[in-house]
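Let's take a walk through a protein model together, going from its domains to its ligands and then to a pair of helices. Keep the picture in view as you read.

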Amino acid sequence: MSARKPVVLFFPSYYSDEAAPPLALIHLAAPLVARGHEVRIVDSAVEDDPEKAVLQALDGACALGVSMVTGPMITQGVSVAAAARAARPDLPVVAGGWHPSILPEQTLRSPLFDAVVKGQGEITLAEIVERWNEGERDLTGVAGAFFKRGADIVANTPRGYTDINALPRRPFEIVDFERYASRCHGFRWLLYCSSHGCPWDCSYCSNASVYGRNWKPLHADRTVDEMSDLAARYRLDVIDIIDDNYLVRRDRAVEIAEKLLSKGTTFGYFIQTRTDQVDRLSDDELKLLRRSGLKRIFFGIESGSKRVLQTVNKRLDLETAYRTAERCHRAGVEASFNLIFGLPGEDDSDLRDTIAMVDTIGQRNPDAAFFTNIFSPYPGSPIFPEAVRLGVQEPASLEEWAIFYPKIQKLPWLEGKAHARIQRIRDYIRIGYSARKMVVHRPEGFKDLVRRAFQAMARFRLRRLAVGFPVEVWALRAWKEVKGLFGTREPVVIN
Ligand code: B12
Ligand code: SF4
């Protein structure tokens, strides 16, 4: 057997100020490190010249892996893979992550990639690297891999789910944590995964295409040990648990909270879940979670229209959502609500319902935050074929998927003035209801008075759906630009 050569893993830019170590790549590194490979991670979030950094890291390497989700990450994923191919034509390149997992054959039609991993990558990538390290390009028999044999694309059998409890510990130390903390102005946080999947079936969500309609957790003990070790090692302020639905098992969440409390940990943690999952917790349990460090819950609530919620199979009851918003406030847990505008069939009465819902939540929880999106039909989601039927153009190549992004994508049923109007509504929700921002200090004194005046105006407009001639939005934009000219940036504080 040849010496184990280094493996380079690249995380393309996602065009955001927030930076946290690339969790997917740290997961992938676990078995490779355990088998004796050096894993060199290059992350655009902390790299000024990612292409140069990848080319340098390739020295002596046996493989390059590129991670991509549908959307703009593809742009740099492709350009860096092209630069690597030009510099090291002999080097095999593998793509993985959500986009390649959902569209493995189309991704592999790009001449830049030699293989694609479908789904969880830990064991599949380790087996691929084992072959490539020996100079063997044929990947026959590596479950979960797609590869090229001459002009053909070979699809191996699926790997099925790998229990995360059976995988080696995740080697966070292979990235330089301090580079991330300094990008976040000293805010110290990590992303962490304690379960995979979600048993629900919302039609706009692509989860099931990768993890099935299952929910698979890491044992509570291991979760507590890992999180507290990481928090101590990196002096973390917050661990952002990225699980799609952390509260599927109430007893496990309670057990984790009790164990964190008995260890005396001081870090905060964020979770994502559904309002009905919180509704099952008693007040005491919710307070217990708060005392154990639970600072913020992200809820996908999407729309205030019962009809729209039904068409996307959300199975969500608004009264439960209101009750949960209020109970979070009482328990001291910050609540963030995600909204999706532009779902197929949404009309003015649905918009009014959504605004009324935002208003009700805002009243019952004055600290609630709202994040708004325009619907983006992701491949792999059950709604995708309907979106195509309604006129969404399905990209025909990996590169074309780069523009598939809520910020830039136009929907055939939401064009021109209708699109601009939704953008205004989003602006006014941001001004009118997001009491606490995730990344910026809440203003004080005179600035807070101005903020309140803008807030009242935005709420007034939204209640009447009167968002034309948006002078407040223009004024805020102009103010931001002036601040930008003088180089003043708000400090990044994720509270
Ligand atoms: C955290 C996160 C992000 C972070 C990641 C930051 C970081 N530093 O890691 C950032 C900010 C980049 C992000 C951005 C976006 N995200 Co996001 N994100 C997630 C989230 C919540 C967790 C990802 C994660 O780390 N999971 C844990 C790891 C271990 O699992 P994993 O990512 O699946 O990785 C495994 C496999 O996919 C595979 N794999 C991954 N990469 C690679 C690479 C190689 C070479 C190989 C072999 C294998 C492989 O192996 C890994 C280990 O098993 C997921 C939802 C989820 N629960 O996974 C959504 C998710 C990936 N995001 C999604 C979306 C839509 C977005 C945005 C478009 C959202 C938006 N509205 O702006 C943007 C895209 C940004 C851009 N500009 O292109 C979708 C992707 C859907 C799709 N079809 O691609 C998801 C699935 C959410 C959802 N359910 O819709 N996201
Ligand atoms: S949107 Fe949320 S609740 Fe619905 S299936 Fe996806 S992860 Fe589950």
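The domain assignment divides the chain into domain 1 (7-140) and domain 2 (187-375 + 414-485); such bounds come from an automatic or database domain assignment. You are looking at a predicted model, in which local features need pLDDT of at least 70 and side-chain atom pairs count only at pLDDT 80 or more, while totals for chains, interfaces and linings use all residues. Residues are numbered from 1 along each chain as its sequence is written, and chains are lettered from A and ligands numbered from 1 in the order in which they are written.

How far apart are the C-alpha centres of domain 1 and domain 2? They lie 31 Å apart. Nine residues from domain 1 and nine residues from domain 2 make the contact, where two residues are in contact if their C-beta atoms, placed from the backbone, lie within 7 Å. On the side of domain 1 that touches domain 2, α4 gives the most, with three residues. Helices here are DSSP runs (H or I, at least four residues), as are strands (E, at least two), and both are numbered from the N terminus.

Now find ligand 1. Both domain 1 and domain 2 give residues to the shell around ligand 1, so this ligand lies between them. There are 42 residues around ligand 1, and G65, S67, G96, W98 and G121 come nearest; a residue counts as near a molecule or strand if its C-beta atom, placed from the backbone, lies within 6 Å of it. The elements giving two or more residues to this shell are α1 (23-34), β3 (63-67), β4 (93-96), α4 (98-102) and α6 (122-133).

Ligand 2 has its own surroundings: C198, W200, D201, C202, C205, N207, D244, N245, R274 and G300. By class, they divide into four nonpolar, three polar and three charged. Ala, Val, Leu, Ile, Met, Phe, Trp, Tyr, Cys and Pro count as nonpolar, Asp, Glu, Lys and Arg as charged, and the others, Gly among them, as polar.

Finally, look at two helices. Helix α9 (residues 220-234) packs with helix α10 (residues 250-263) at an angle of about 40°, and their axes are 9 Å apart. Axes are lines fitted to C-alpha atoms, for helices over the stretch in contact, and angles run from 0 to 180 degrees between N-to-C directions. That angle makes α9 oblique to α10, because angles under 35 degrees count as roughly parallel, over 145 as roughly antiparallel, 65 to 115 as roughly perpendicular and the rest as oblique. From α9, the contact uses A220, T223, V224 and S228, and from α10 it uses R252, E255, I256, K259, L260 and K263.
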